[in-house]
Amino acid sequence: MSLASACWWTLARTILVCMVAWPLCVAIERWIRRVSDGWRPFAFGVLLAPFLFPELLVGYSYRSLALSSPRLAEGLCLGLLLFRIVPVGVITLNASPSTLASFSAIHCRWLLWHANPRSLREARQFFLCLWHGPIRRAFPALGLMSLVAFQEFELAALLQTASWTDWFIAAQRLGLDRREMLIQSAWPVLMQLPLIAGVIYWTAREHDSSSEQHDEPASPNIFDWITTSYLVLAPICGCLIPVGFLSMHLVSGITLIATQRSQLMGLTHEMIIAVAISVCAGVTAWSLSRSLTSNRKLTPRQTIQRTFLLPGLAGSLLLSLATGALFQQSWLRPLYDTPLPWVVVLIVWLLPRAVLVQIWIRSTSQTEGLHLSELLSGNAVPSTRIGIEEANEASVGLPAGRATALRFRLRDQPRLLAIALLCYWAYLDLSSAYLLAPSGMPSGLVRLYNFMHFGRTSALSAEATLFFGFPITAASFVFLIQRLRLRR
Amino acid sequence: MADSVKNRSTVLIPVVAALVLAGLWLNILPGSGSDAKTLIVYCAHDRIFAEQVLDDFSRETGIRVQVRYDTEATKSLGLINLIIQERSQPRCDVFWNNELLGMVELKQQGLLERYQGQSWQRMPERYRDADGYWVGFAARMRVYIVNTHQASATEEALGTLLSFEPSRVAMAKPLFGTTLTHYTVLWHLWGGDRLKAWHRDLRLRGIREVDGNAAVKDVVAQETCYAGMTDTDDVFVAIDDGLPVEMLPVRVTSDLTERRPSDAANAAPFSTICIPNTVGIIKGTKRQEAAQLLADYLASAKAEIALAKSKSRQIPLGLIDAKELPEDVKQLVEWSQDGIDLRLLLSARRDCLEWLKTEYLK
């Protein structure tokens with residue numbers, strides 16, 4: 001298949017899956033806003049699980065099934081992609097500013113246009129209302145969903161469905177001329193460009209609205225049914241089935257690798273490398289993203305800074321290929337066989353994600369509660385008389401430790417979770433590890449990807465459990481310790 | 001004040017992480033500090049089989065080996081192109097290739113170091129480079145894998161399948177690995193036009209193309225296809241798992257497409273496709289002595305026996321004690337006697353690959 005055909009095929013798949021995903025996103029986002037505060041983290045957890053679950057394991061679990069028929073493989077790819085992009089859409093919708101035109105306003109405009117169908121002014125006003133209303137709110141979610149679907153790599157590779165990403169890997173391995181590769185990369189870049197520009201435009205807008213301000217018509221019952229069905233089905237197909245598949249061979253796998261000390265040592269070594277690289281990239285991307293989103297008012301300098309998000313939105317595969325070529329060809333060549341290209345690609349790739357997470361945290365954070373907790377812990381110096389009174393009033397009967405714990409929960413915990421999430425994404429990125437890891441510093445992810453082509457399930461189960469379980473266990477442990485420390 | 005602490009920490013944490021990373025890399029870097037005896041090996045052989053041999057080498061010699069593997073789907077060609085790309089600043093010391101023609105290509109491009117060591121001396125002429133730029137060892141063969149629940153493992157049944165039901169036959173995309181060698185042999189024997197016609201006909205009639213030889217084994221084992229073209233080591237994985245498969249060697253001739261010895265008594269002789277692993281030292285290596293030791297070790301009788309006894313059942317090419325061979329490898333040794341000499345097929349490989357690129361990438 002030529003690159004052009006592969007690109008069109010991927011684009012068709014992207015459009016189809018986004019069309020199916022969009023109503024789901026709307027329904028789920030409405031439902032999530034109705035969920036009580038206590039249950040909301042759980043709801044987000046269930047929603048995000050299929051997106052955060054390692055894609056390699058999902059692809060591998062369904063690989064045997066996909067091999068039985070190319071049509072089935074395409075169907076599986078579509079279904080699994082759907083489970084991955086819906087959370088992206090919901091989170092983006094949830095973080096998007098409320099519409100500037102309410103549904104009542106749109107309806108009124110519609111009535112006016114309907115009453116005077118020949119009036120161009122009324123038509124224009126109606127479409128302006130639509131633009132400032134649902135379209136402007138929907139675009140970022142649809143844009144990001146489309147980017148995630150279009151850039152899909154591991155799933156398409158393991159399920160053996162046509163994809164432009166697969167074409168590039170094959171071309172790179174065949175030693176296609178770099179110039180030719182760069183020319184060919186125009187295809188996927190051009191196809192993604194409108195989406196990337198839209199997403200950048202969206203991040204440049206002010207985000208000062210809270211989710212409570214949304215104005216929407218009441219949801220019919222069918223939306224609740226759709227939401228419930230999705231929230232049951234997605235974690236089962238996207239997480240539990242792959243976990244079950246791994247568990248089937250886990251005991252024999254652990255027994256096997258326990259007897260192979262060198263293999264275990266090799267995996268540990270590769271895990272340490274992957275952790276070091278991802279922490280470095282994740283923390284740096286987070287720090288950079290803070291400077292990109294620090295001011296609510298957009299300055300010209302910040303507008304220029306936000307163009308740095310462009311390459312990251314092109315996806316890690318294209319970035320890795322381009323960076324590899326750059327470090328091999330230019331004055332940067334002495335740095336080619338170092339971890340630098342790998343880390344740079346991960347930072348650039350993570351940057352838009354970090355900005356998105358920042359925006360989401362900002363749009364969902366309880367600013368009043370945070371302010372009060374800062375007053376209580378004595379860290380913020382009240383500048384007004386009202387502030388001093390508030391602080392005095394609030395601190396009556398509350399020990400300082402509890403105030404610090406409250407501040408941690410409201411301010412630091414979301415940030416730590418965000419950094420952990422960025423590191424986790426870096427840890428799971430196959431393209432950069434596959435193309436840019438220097439000699440002697442392979443990531444365990446590439447080892448697993450290798451095994452997945454051999455069908456060696458028992459050893460793979462054990463190694464995958466160790467590789468993917470390690471960061472989750474480590475992060476949980478750190479959070480647990482932190483919580484215990486704050487309780488004292 | 002809290003803000004200044006926050007700002008400081010946002011700079012400090014990445015700096016510390018970068019320093020840790022740099023330290024880790026410097027520690028791993030070959031030739032750094034006390035760790036001067038470290039070799040960088042690019043290995044196209046299946047990781048699950050190669051790892052043990054390289055570990056044994058490290059244990060015996062004290063030389064640490066850092067290995068870069070490639071995936072099942074793109075291996076050998078991916079690493080060969082990487083070596084070519086890195087020619088001005090090579091980082092690989094020794095290349096363990098899982099086929100032979102890539103090594104001939106690297107020799108032609110002047111990327112290999114000459115070394116006629118003990119291992120080179122013990123190998124038959126057809127499995128080593130005459131000038132000592134590479135040496136072959138531990139081969140595998142191209143075979144048909146047949147699901148015995150769906151078809152009988154006979155040449156007649158395979159011929160019928162390929163003629164009338166090619167959608168029930170699987171093969172890997174011939175762009176990479178041993179399938180590329182298979183196609184190169186056919187190009188050499190039949191000529192380009194005939195191979196192109198055969199290939200297009202099979203694709204038109206729905207032959208199942210998958211992303212690697214392991215996937216061929218999988219689709220045949222799970223009865224999606226009845227037969228496929230793959231390598232002996234993949235078939236043994238299925239046999240060891242108790243799956244209902246058998247194998248037959250692929251036999252090729254310049255006269256007939258498929259094996260029909262009875263039909264072709266007077267025609268050109270049939271050959272099997274026996275593809276050795278090869279090892280070569282990369283030109284410009286700074287660890288020549290250690291590289292030579294590894295080249296000698298890989299093509300030694302000891303490593304060949306170890307690979308023959310491994311799950312991949314590689315066929316020893318040098319002289320070894322036949323008693324040490326497993327029974328199923330003895331059968332392979334017999335088939336490999338008819339193996340075609342691959343050393344002269346470089347130009348066929350180049351032409352075939354150029355055509356395949358246009359077929360799959362354009």
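This is a predicted model: local features need pLDDT of at least 70, side-chain atom pairs count only at pLDDT 80 or more; totals for chains, interfaces and linings use all residues.
Setting aside residues up to four places away in sequence, B:Glu113 is in contact with B:Ile281, B:Ile282, B:Lys283 and B:Thr285. B:Glu113 counts as partly exposed because it has 19 C-beta neighbours inside 10 Å, and 20 or more would be needed for it to be buried. Elsewhere in the chain, B:Asp240 is 127 residues from B:Glu113 in sequence, and the C-alpha atoms of the two are separated by 39 Å.

Turning to chain A, the secondary structure consists of 23 helices and 0 strands. This chain has 488 residues, of which 44% count as buried. When contacts in chain A between residues at least 6 apart in sequence are considered, 84% of them join residues at least 24 apart.

One helix pair of chain A can be followed in detail. Helix α3 (residues 55–67) packs against helix α11 (residues 221–248) at an angle of about 70°, and the two axes are 9 Å apart. With that angle, α3(A) is roughly perpendicular to α11(A), because angles of 65 to 115 degrees fall in that class. The crossing of α3(A) and α11(A) is left-handed. From α3(A), the contact draws on A:Leu57, A:Val58 and A:Ser61, while α11(A) supplies A:Gly238, A:Ile241, A:Pro242, A:Phe245 and A:Leu246. Sorted by class, the residues in the contact of α3(A) with α11(A) are 6 nonpolar and 2 polar, with no charged residues.

Notes
Residues are numbered from 1 along each chain as its sequence is written. Chains are lettered from A and ligands numbered from 1 in the order in which they are written. Helices (H or I, at least four residues) and strands (E, at least two) are DSSP runs, numbered from the N terminus. A residue is buried if 20 or more other C-beta atoms lie within 10 Å of its own, exposed if 12 or fewer, and partly exposed in between; C-beta atoms are placed from the backbone. Two residues are in contact if their C-beta atoms, placed from the backbone, lie within 7 Å. Axes are lines fitted to C-alpha atoms, for helices over the stretch in contact, and angles run from 0 to 180 degrees between N-to-C directions. Angles under 35 degrees count as roughly parallel, over 145 as roughly antiparallel, 65 to 115 as roughly perpendicular and the rest as oblique. A crossing is left-handed if the near helix is turned anticlockwise from the far one by less than a right angle, and right-handed if clockwise. Ala, Val, Leu, Ile, Met, Phe, Trp, Tyr, Cys and Pro count as nonpolar, Asp, Glu, Lys and Arg as charged, and the others, Gly among them, as polar.
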